[in-house]
Amino acid sequence: MNKYAHATLRLVASAGFLAAVAAQSADLPNLLRPPADAWLTYHGEYDGQRHSKLTEIKPENVGRLEQAWRFETGQNQAIKASPILVDGILYLTTPDNLWAIDARTGKQLWHYRHPLNNAFHIGHRGAAVYQDTVYLTTPDCHLIAFNRLDGTVKWDVVIANSDKGYWSSNAPLIVGNHVLVGVSGDFDNVPGQLKSIDADSGKTQWIFYSTPPAGTKDSASGGATGGQMWTTGTYDPELNLVFVGTGNPTPVLNGAARPGDNPWTCSIVALNPDTGKLVWGFQVSPHDTHDWDANEVPVLADAVFSGETRKLLMQASRNGYFFVLDRTNGKSLLTAPFATVNWAKGIDSLGRPIPDPAKVPARDGVLVAPNEAGATNFRPPSFDPKTGFLIVSAQDGYGIYFFKPEHGGYGWAGADYNLAGKSYLRAIDYRTGKIAWEHALGDGAGTAGVLTTESGLTISGDNRVNVMALRTSDGATLWHQAIGKVQNAPITYQLGGKQVLIVAGGESLYAFTLP
Amino acid sequence: MSLGAKRTICLLGSMLLAVSWIPAQGTNTSGQGNVSGSGARIRRDPNQSPAALPRPKTSTPQTYSAAQVQAGELRFAAQCAFCHGRDATGGESGPDLTRSELVAQDMRGDKIRPLLRTGRVDAGMPKFDLADAELDAMVAFIHAQMEKLAVLKGGKRSVEPSDLRTGNAADGRAYFNGIGGCAACHSATGDLAGIASRYQGFALLRRMLFPSGRPEPSLPKATFTLASGETVVVPLVAEDEFTVTVLDPMGSRQTYSRDAVNVKIDNPISAHFTQLGKYNDAAMHNVFAYLDTLK
C-alpha cells in the first residue's frame, strides 16, 4: 500500500455504464465544444459564462423542483467548489478532499484525503478532468493526478513552496495538454506565479510570473510582490489566449513600499497557453492598497458592442467597477461602477480607475467603499446572452483602512476592518454598464455564485440558507428552498433524460429535478 | 390554514399578554461585561479592539507539552491562521488572539473550547467540529503564543487611541447636531453620556461608525399587525426574503413565513449604514473627536 492507501475505493463504474454516457467525456473536442448536457470544467465552458443551454427546467415549472438526492461530506468545511460532471460521475472537492460521486444516486464512488498539512484551509474551488485523469490542487501546493475511475494516484508534484507562504485552492484550467494551476499567498512577500503542468507527465512546462521572481531585476513592478492567480481563467481557442485575473500586490496596505502602478497585480492578463508569454495586460486597479484582487472571472462573449460584433471580455471586479475589454488586444471599451465606490478620482484614458490619494490607508483611518471583502469576489457571475446581462453577486460595503510606518513593509503591513455591507444580485447590461435590476440578498457579503439557463432562469443563493431561482429578465423570485448557506456556484446538466440542478448548502451537495 | 399561520396566531396571542416585557429583551444595557463564548463572562472595562489594549496576561499559568503545542500549531495553521494569522496575532479578518481577554482568562480550554464548538457565526467565525485531542492541541498552541508574545510591544494590526486624535471636536459637535443628523436618534446627555469612558480609541470609532460586537446593539423591531388591527412589537433576530425569526415572550426563537403574517421591520442601525455613505473622512474624525469628549 502506498501512502495514498487511505483513498477509499468503493466502486469502479462498469464499462456498459460508461459507454451509455460517453458523449460527456472530457476529451479535447468536448472541452472545446461541450455538449449541452455536460459540465466538464469549473466554469462549464471555456468562456466562463456559466450559462447552460438546457431548457427542461424553466420559469413555468421551476416551482415544482424536488430534491433527488443529497450528498454529505461529513466534514465541517463548507463546499465552495463547482463540481464537474463527466460520464455520469461528479467530482467534488473541499480542502484536502476529492470525492467521486455517482451522479444518478449521489452515492460516493471513491474518496481521496490528503495528509494533514499546515497550509490555509479556507476553501477549495474544484477539480479538473482530462480524458481518464482528474486533477486536484491541495492547500500545501501539490497537484495530484488520479485515475478518475478508481482514484489511484498517477503522480503527485509540488507546484509551489507552502513553507514560504503559498497555498492553493485553485480549480485548474486545462488547455490542450497544459494543466494551468495557480496559488495564493497574501501574508508573505512572494511573487505571483501561474504554472503550466504537462497533463500526462506532471512536468512543469512554463511559469508565468505576474511580479518578478526573487533574484531577478525588473523595475516594472515597482518592488511589488504578489499578484497571485488563485481563480480559474477562461480560454479563447480561436485567439489561442488564456485570460486570468491577478491578485493584489504585497505588501498589501503599505503602498509607499512599492511605488508606481505595480503591474501585473490587480490585472487581467492574456497569455499564450503554449509558451506562458504575456500577450497583453490590463490593470483594473493600478497601485492597489485595499486588497482588491482582480481574480474575478474574465467572462468571454462574442456580442454586439456599439453596433459591431466583437470579441468581448467582461469582468465585474472586486474594486467595484465593471470592465468590458476587446479581448483581441486588451483595450478598454467600457468602465462603470456596479456597486458603491469612493476610492477613485475618475477613469483614465486607458479605462482604468484613478486611485484617490485621499483614500490610501492612513494612520487615523480612511473610510473606503467597497470594503476589503470587495464589491464582489471569488463567487463566479453568469452571462445571459439573450438579455445581455452579466449577473453578479455584488456588495455595497464600507471598511476602514489604517497604515502607519510601524506596520512595516512585510505581508499585510497595515490594518483594516470591514464595517458593514449589503448584498444584491445585480444584472449589469454589458452594453451600457447600467444595472437592469437588483435582488437583495441580505447583510454582509454574498457567497453564492450564479448560473443562468437558456430557459430564462438565474440560480443563486441568498446570504442565509436559501437557494433561489429568479427570472433572468427582471430578477423576480420563482422558487426557493432552504438548504444551508450556498457558498458554491450551482451547475446543471442532463442525465438519464432529466435536467439536474446541483447546488451546495453548507457541507452538503443537493441535486434537484422536476418530478 | 397552514400550520405556520396557526402558530402565528397562537404565539401572537400570548405576546399580547406579555407586551410590557418585550422592550426589555431588545436592549442589552449592561455596559460592563464582554460576553465571550458560551457562558464565559469576562469582567472588563470598555469593549476594546484587542490591538488597542495593553496585552493581557494569562490569569492562571498553565503548561503544555511541546508535542501538544506543535500539533496545535499544525491545526491552527490549517484551520485558523487565514483569519487570525499564523502566529495568532491577527490575519485577514480575525483579531489578535494573543491580546484576547478570553484567552487570558481561559483555563485549559474551558473558554476556548466552547467557543470553537459554537463559533461566532454572525461575526464570520465558523464552528469547528473537532476531536477533543485536536481542540486541546489548539488551546495549547494559543496559550503558548500568548506567553511567547507577552514580551513584545506594538503589533502588526495595532490602532492606538493616539493615532485617531486628528479631528476637531467643535466641528464634530456641529456636524452631529446639524447635517450629520445624529441628534435625531442620539443625545450627548442621554444615551451617549459617558460614552468615551465606556469605549476608547478604535473601539469607540468602530461603534460610532457601525455598532456591532459586544455588548450587542439593540435588536431590530418586528411589528406584527394582526387581523384585528392590533399590533405586536417583538425583537427580530433574523430575516430573509421568505421568513422572519423573532424572540417570543419566553425568549425563544420563532420563525414565520412572510406569506403568513403581516410584519414590518424597523432597524435603527440602518441609519448608520446610510451615514457611512455620507461621511467624508474629516467629518468622521471630527465626530469621533466630539464623542471622545463625552467622558
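User: How do the residues lining the largest cavity divide into nonpolar, polar and charged?
Analyst: Five are nonpolar, five polar and four charged. Here Ala, Val, Leu, Ile, Met, Phe, Trp, Tyr, Cys and Pro count as nonpolar, Asp, Glu, Lys and Arg as charged, and the others, Gly among them, as polar. Bear in mind that this is a predicted model: local features need pLDDT of at least 70, side-chain atom pairs count only at pLDDT 80 or more, and totals for chains, interfaces and linings use all residues. Residues are numbered from 1 along each chain as its sequence is written, chains are lettered from A in the order in which they are written, and side-chain values use heavy atoms, leaving out hydrogens and water.

User: Which residues lie nearest the centre of that largest cavity?
Analyst: A38(A), W39(A), E45(A), H51(A) and S52(A), out of 14 lining residues. A cavity is a set of points on a 1 Å grid over the protein atoms alone where a 1.4 Å probe fits but cannot get out, and lining residues have an atom within 4 Å of a point.

User: And what's the volume of the largest cavity?
Analyst: About 110 Å³, taken as the space filled by probe spheres set on the points, which are joined across faces, edges and corners.

User: OK, switching to chain B. Why is α12(B) largely enclosed by the rest of the structure?
Analyst: Because 10 of the 11 residues in that helix, 281-291, are buried, meaning under 20% relative accessible area with a 1.4 Å probe, protein chains only. Helices are DSSP runs of H or I with at least four residues, strands are E runs of at least two, and both are numbered from the N terminus.

User: What do the buried residues of α12(B) pack against?
Analyst: Elements of both chains: β28 and β30 of chain A, plus α8, α9 and α10 of chain B.

User: How many residues are in contact between chain A and chain B?
Analyst: 48 of chain A with 42 of chain B, where contact means heavy atoms within 4.5 Å. The area buried between them is about 3700 Å², that is, accessible area (1.4 Å probe) lost on putting the two together, summed over both.

User: Back to β30 of chain A, where Q395(A) is found. Is Q395(A) buried or exposed?
Analyst: Buried, at a relative accessible area of 2%.

User: What does its side chain reach?
Analyst: The side chain of Q395(A) reaches the backbone oxygen of G374(A) at 3.0 Å. It also reaches the backbone nitrogen of A445(A) at 3.5 Å.

Definitions and conventions
On a 1 Å grid over the protein atoms alone, a cavity is a set of points where a 1.4 Å probe fits but cannot get out, and a pocket is an open set with protein on both sides within 12 Å along at least five of seven lines; lining residues have an atom within 4 Å of a point. Buried means under 20% relative accessible area, exposed over 50%, partly exposed in between (1.4 Å probe, protein chains only). A polar contact is a pair of N or O atoms within 3.5 Å; within protein, one must be able to donate a hydrogen and the other to accept it, and residues adjacent in sequence count only if both atoms are side-chain atoms.
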